[in-house]
Amino acid sequence: MVKCPFCGYEADVSEFKLLREPWKFRFYTVRMLECPKCHKVFNYYSGVSPRGKKSEYVIRIKPRSRR
């Protein structure tokens, strides 16, 4: 289950819109997702550490300023 860090909407990762192909960061797979409820964008990190511990978290993405 993934929880939107902006509005708190919680659902399976397939419910969120994938904005680009997933990429690797260390042992994490990172997905850029858009919330179907509030339409804000965040990165979802998930993976298994070298010691075998499952880890996942989200990071908000600041909107770009328009000039």
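Predicted model: local features only at pLDDT ≥ 70, side-chain atom pairs only at ≥ 80, totals over all residues.
Local features rest on pLDDT of at least 70 and side-chain atom pairs on pLDDT 80 or more, whereas totals for chains, interfaces and linings use all residues. Residues are numbered from 1 along each chain as its sequence is written, and side-chain values use heavy atoms, with hydrogens and water left out.

The protein chain contains 0 helices and 7 strands, and its order along the sequence is β-β-β-β-β-β-β. Helices (H or I, at least four residues) and strands (E, at least two) are DSSP runs, numbered from the N terminus. Along the principal axes, the C-alpha atoms of the protein chain fill a box of roughly 45 × 30 × 20 Å. Of the 67 residues in the protein chain, 24% are buried; here buried means under 20% relative accessible area, exposed over 50%, and partly exposed in between, computed with a 1.4 Å probe on protein chains only. Among contacts with a separation of 6 or more, 24% are accounted for by residues 24 or more positions apart, a contact being defined by heavy atoms within 4.5 Å.

Several of the strands are paired, a term applied where DSSP finds at least two bridges between two strands. Strand 3 (residues 17-18) pairs with strand 5 (residues 28-34) in the antiparallel sense over 2 bridges, and Lys-17 stands opposite Glu-34 of strand 5. Strand 4 also runs antiparallel to strand 5, to which 3 bridges join it. Lys-24 lies in strand 4 (residues 23-25) and has Thr-29 in strand 5 as its bridge partner. Lys-24 is exposed, at a relative accessible area of 56%. The C-alpha atom of Lys-24 is separated by 9.2 Å from that of Tyr-45, a residue 21 positions apart from it along the chain.

The hairpin formed by strands 5 and 6 has 6 residues between the strands, and His-39 in its turn has a positive phi of about 65 degrees. Within this pairing, Met-32 has Asn-43 of strand 6 as its bridge partner. Asn-43 counts as buried because its relative accessibility is 11%. Leaving aside residues up to four places away in sequence, Asn-43 touches Trp-23, Val-30, Arg-31, Met-32, Tyr-57, Val-58, Ile-59 and Ile-61.

Strand 6 (residues 41-48) and strand 7 (residues 54-60) run antiparallel and are joined by 7 bridges. Tyr-44 stands opposite Val-58 in strand 7. A hairpin with 5 residues between the strands is formed by strands 6 and 7, and Gly-52 in the turn has a positive phi of about 90 degrees.

The structure holds 0 disulfides, a disulfide being a pair of cysteine sulfur atoms within 2.5 Å. Cys-4 is in no disulfide, and the nearest cysteine sulfur, that of Cys-38, is 3.8 Å away. This separation of 3.8 Å between the sulfur of Cys-38 and that of Cys-4 is too far for a bond. Cys-4 is buried, with 3% relative accessible area, whereas Cys-38, at 24% relative accessibility, counts as partly exposed.

The largest pocket holds about 170 Å³ of space. A pocket is identified on a 1 Å grid over the protein atoms alone, as an open set of points where a 1.4 Å probe fits, with protein on both sides within 12 Å along at least five of seven lines; lining residues have an atom within 4 Å of a point. Grid points are joined across faces, edges and corners, and a volume is the space filled by probe spheres set on the points. The lining of the largest pocket consists of Phe-6, Lys-40, Val-41, Arg-60, Ile-61, Lys-62, Pro-63 and Arg-64. By class, this lining divides into 4 nonpolar, no polar and 4 charged residues, where Ala, Val, Leu, Ile, Met, Phe, Trp, Tyr, Cys and Pro count as nonpolar, Asp, Glu, Lys and Arg as charged, and the others, Gly among them, as polar. Pro-63 is located in the segment after strand 7 and is exposed, at 77% relative accessibility. The C-alpha atoms of Pro-63 and Lys-40 are separated by 8.7 Å, although the two residues are 23 residues apart along the chain.
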